[in-house]
Amino acid sequence: MTIKEFFSFKTNKYFWLNLIAMMAVVILLLFGVLKWLDVYTRHGEAVVVPDVKGMTVGEAEMLLRNHGLVCVVSDSNYVKNKPAGSILELNPSAGQKVKEGRTIYLTINTLDVPLRLVPDVADNSSVRQAQAKILAAGFKLSESELISGEKDWVYGVKYKGRQLNMGDKVPVGATLTLLVGDGETQVQDSDSLEIVEDAAGTTDVSTDDSWF
């Protein structure tokens, strides 16, 4: 058989039929694989992440579910002017396009106000120094309470009427009161000696001799 006869359809039609059938099977397989990959990866399908900032977790979960998305609370921060439990941030952020079924990670405003260490200003700071430290730490100050002691010297810090000790913590943003000296010193009386100044200006120190 010559080459011309081998490739002749009339002479070797079974060969050509088999070849055409094999090519058709290969094409169908490739088409099927590409279609499966397209469905599996949801190629061309995208969901826009809705803006859920300021919502509660329940509200956000419902809205995201309606968009074919799921959410998980992954972190929490404290923002004073935001409602407790409200959503502060989300990742991926609002407006981004993601695949359906994507998990959105939420950051919420903590339900409990965090505690913060009160700066140590008792017996080591003037009023101005103590005020600067307290305000820089994120606290507020009420009118100072004057006590007997060196003028403008801080002797302690109060929170809700209770004097704080070194190392105590109170809620962030709490209002504190400084205990400040009024400039008046206490006069201590001596019970063991009686100082008597006579008319001549001399000082006589007398003791009680009744026990002799």
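The questions below ask what each label rests on.

Tutor: Start with a caution. This is a predicted model. The chain has four helices and 14 strands. Buried residues make up 22% of its 212 residues.

Student: Why is Val 157 called buried?

Tutor: The cut-off for buried is under 20% relative accessible area. Val 157 has 5% relative accessibility, so it counts as buried. This residue is found in strand β9.

Student: What does Val 157 touch, leaving out residues up to four places away in sequence?

Tutor: Contact means heavy atoms within 4.5 Å. Among the residues that Val 157 touches are Val 118, Val 121, Leu 164, Leu 176 and Leu 178. Arg 162, Gln 163 and Thr 177 are also on the list.

Student: How far apart are Val 157 and Ala 122, in sequence and in space?

Tutor: They are 35 residues apart in sequence. In space they are 6.9 Å apart, C-alpha to C-alpha. For the chain, take contacts between residues at least 6 apart in sequence: 65% of them join residues at least 24 apart.

Student: Which residues of helix α4 are buried?

Tutor: Val 127, Ala 130 and Ile 134 are buried in α4, which spans residues 127-136. Seen down the helix axis, the buried residues fall within an arc of 65 degrees, so they line one face.

Student: Why can residues a few places apart point the same way in an α-helix?

Tutor: An α-helix has 3.6 residues a turn, so residues three or four places apart point the same way.

Student: What does the buried side of α4 pack against, and what does the face turned away from it carry?

Tutor: The buried residues pack against β7 (140-141), β9 (154-159) and β12 (175-181). The face turned away carries Arg 128 and Ala 136, both exposed. After the helix comes Gly 138, with a positive phi near 95 degrees.

Student: Which members of the largest nonpolar core touch the most other members?

Tutor: Val 118, Phe 139, Val 170, Leu 176 and Leu 178 do, in a core of 16 residues. The elements giving two or more residues to this core are α4, β9 and β12. A second, separate core has 13 residues, including Val 52, Leu 69, Cys 71 and Val 98.

Student: Which contacts does Leu 176 make?

Tutor: Setting aside residues up to four places away in sequence, Leu 176 touches, among others, Val 118, Ile 134, Phe 139, Val 157 and Val 170. Lys 140, Ser 142 and Tyr 159 are also on its list.

Student: Why is Leu 37 called partly exposed?

Tutor: Partly exposed runs between the buried cut-off of 20% and the exposed cut-off of 50%. Leu 37 has a relative accessible area of 38%, so it is partly exposed. Its place is in helix α2, residues 13-40. With Val 33, Leu 34 and Trp 36, Leu 37 makes a nonpolar surface patch of about 430 Å².

Student: What makes the bond between Asn 91 and Pro 92 a cis peptide bond?

Tutor: Look at omega: it is about 0 degrees. Pro 92 lies in the loop between β3 (87-91) and β4 (97-98).

Terms used. Residues are numbered from 1 along each chain as its sequence is written. This is a predicted model: local features need pLDDT of at least 70, side-chain atom pairs count only at pLDDT 80 or more; totals for chains, interfaces and linings use all residues. Side-chain values use heavy atoms; hydrogens and water are left out. Patches are made of residues with over 30% relative accessible area and no salt bridge: like charges are joined within 9 Å, nonpolar side chains (Val, Leu, Ile, Met, Phe, Trp, Tyr) within 5 Å. Accessible areas come from the Shrake-Rupley method with a 1.4 Å probe; for residues, only the protein chains shown count as cover. A salt bridge is a side-chain nitrogen of Lys or Arg within 4 Å of a carboxyl oxygen of Asp or Glu. Buried means under 20% relative accessible area, exposed over 50%, partly exposed in between (1.4 Å probe, protein chains only). The arc is that of the directions from the helix axis to the C-beta atoms. A nonpolar core is a set of buried Ala, Val, Leu, Ile, Met, Phe, Trp, Tyr and Cys residues joined through side-chain atoms within 4.5 Å.
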